[in-house]
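I hope it is handy to have beside the viewer.

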Amino acid sequence: MVNPSAAQLEELRELCGAQVDAQLRSGGEWGLDEATLRRWLVARKGDCKAAARDLTAHAAWRAQYVPSGRISEEEVAEDLAQNKAFLPGYDKDGRPLCVVVVSRHKMLDAEQSKRCIAYSLDCAALMGSKTPGWDGKMSGIFDLRGLKASNCDFATLRNVFDLLQNHYPERLHKLWLFDSPVIFYGLYKMVCPFIDPVTREKVQFVYDKDAVADFSAAFDLDVLPPEIVPGGTGRWIRVDERYKMLLAEEGGQGPQRQLAAAGEAEGEAAGKAVVTTGPAGGEQQLKQQQPGAPGRPVEVTA
């Protein structure tokens, strides 16, 4: 992995300029701090001109896509109502964990689903900023048990990797595809050409027989809900509930102030609270909607 020098960071900052810094801040990010510059340089393999080009494009997109500094729950209400995306806690290295129950996904509006993905990534970034020394990355589990053809959404899966590649570079630590049925392989094969090889290395298929060993190595059992791994005691914290908790900690002032402070800590880490309650009914609904599992219900780099 590229380790940008101080000279490269400064060159990228100068190439981008004050307008890019202002656009990033207006979109709810923390501007051209060291961590942001570093992530884009690593993702673009140390090429300052490519990083400046793509970061400039991202800043313009961010200012237009998130003009108020945060995507609101009203903008993604239909996707949130599907009760499919959760942030139950952190991995053993302090990275936020996002769990998506893909069998609940409904193919309604690909653009709104894309906005909900960005909403979830923003929430995970704010969550990560609470961890001292956070490396800026996050982990994910796509729970593919019970997947049907009606859940296989090419546009939305491609949007996941498009966002990671073009707008959240070097945010993904690892993505587990849990208990994938055969039908998913065809979908993933179609999306693969759009995924950078480095990002593909971060994606791992894991099956029920290996889940306990694989997930226990990465996560404490008090983070993982029992429907994911036997013996888990974690709770299902839906992404919007997690966001409300995080904003409440900040007195409702939004993510920008916290992220700005976290950017410095993330940059330092690059250079060298599990919540026990979830949304009302969330766990019971999961049990009802995932029948059939034995003893329980059925990234240019990112």
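1. Gln23 is buried, with a relative accessible area of 18%; buried means under 20% relative accessible area, exposed over 50%, and partly exposed in between, with a 1.4 Å probe and protein chains only. Gln23 sits in helix 1. Helices here are DSSP runs of H or I with at least four residues, strands are runs of E with at least two, and both are numbered from the N terminus. Leaving aside neighbours within four places in sequence, Gln23 is in contact with Thr56, Ala59, Ala60 and Ala63, where contact means heavy atoms within 4.5 Å. Between Gln23 and Ala60 there are 6.3 Å in space, C-alpha to C-alpha, although they are 37 residues apart in sequence.

2. A word on the basis of these values. The model is predicted, so to speak of local features requires pLDDT of at least 70 and side-chain atom pairs count only at pLDDT 80 or more, while totals for chains, interfaces and linings use all residues. Residues are numbered from 1 along each chain as its sequence is written, and side-chain values use heavy atoms, with hydrogens and water left out.

3. How do helix 1 and helix 3 pack? Helix 1 (residues 6-26) and helix 3 (residues 48-65) have axes 8 Å apart, at an angle of about 5°. That makes helix 1 roughly parallel to helix 3. Axes are lines fitted to C-alpha atoms, for helices over the stretch in contact, and angles run from 0 to 180 degrees between N-to-C directions; under 35 degrees counts as roughly parallel, over 145 as roughly antiparallel, 65 to 115 as roughly perpendicular and the rest as oblique.

4. On the helix 1 side, the residues that meet helix 3 include Leu12, Leu15, Cys16 and Val20; on the helix 3 side they include Cys48, Leu55 and Ala59. By class, this contact of helix 1 with helix 3 has 12 nonpolar, 5 polar and 2 charged residues. Ala, Val, Leu, Ile, Met, Phe, Trp, Tyr, Cys and Pro count as nonpolar, Asp, Glu, Lys and Arg as charged, and the others, Gly among them, as polar.

5. Cysteines next. The count of disulfides is 0, taking a disulfide as a pair of cysteine sulfur atoms within 2.5 Å. For Cys48, the nearest cysteine sulfur is that of Cys16, 9.4 Å away. Cys48 is buried at 7% relative accessibility, and Cys192 is buried at 17%.

6. Helix 2 (residues 34-43) is largely enclosed by the rest of the structure, because 9 of its 10 residues are buried. Among them are Arg38, Arg39 and Trp40. Just after helix 2, Lys45 takes a positive phi of about 60°. Asp54, in helix 3, touches Trp40 and Arg44, not counting residues up to four places away in sequence. Asp54 is buried, at 16% relative accessible area.

7. Asn83 has a positive phi of about 55° although it is not a glycine; Asn83 lies in the loop between helix 4 (77-80) and strand 1 (85-90) and is buried at 4%. Asp179, also not a glycine, has a positive phi of about 55°. Asp179 belongs to the loop between strand 4 (172-178) and helix 7 (182-191) and is partly exposed at 24% relative accessibility.

8. For the chain overall, there are 12 helices and 5 strands. Buried residues make up 57% of the 302 residues.
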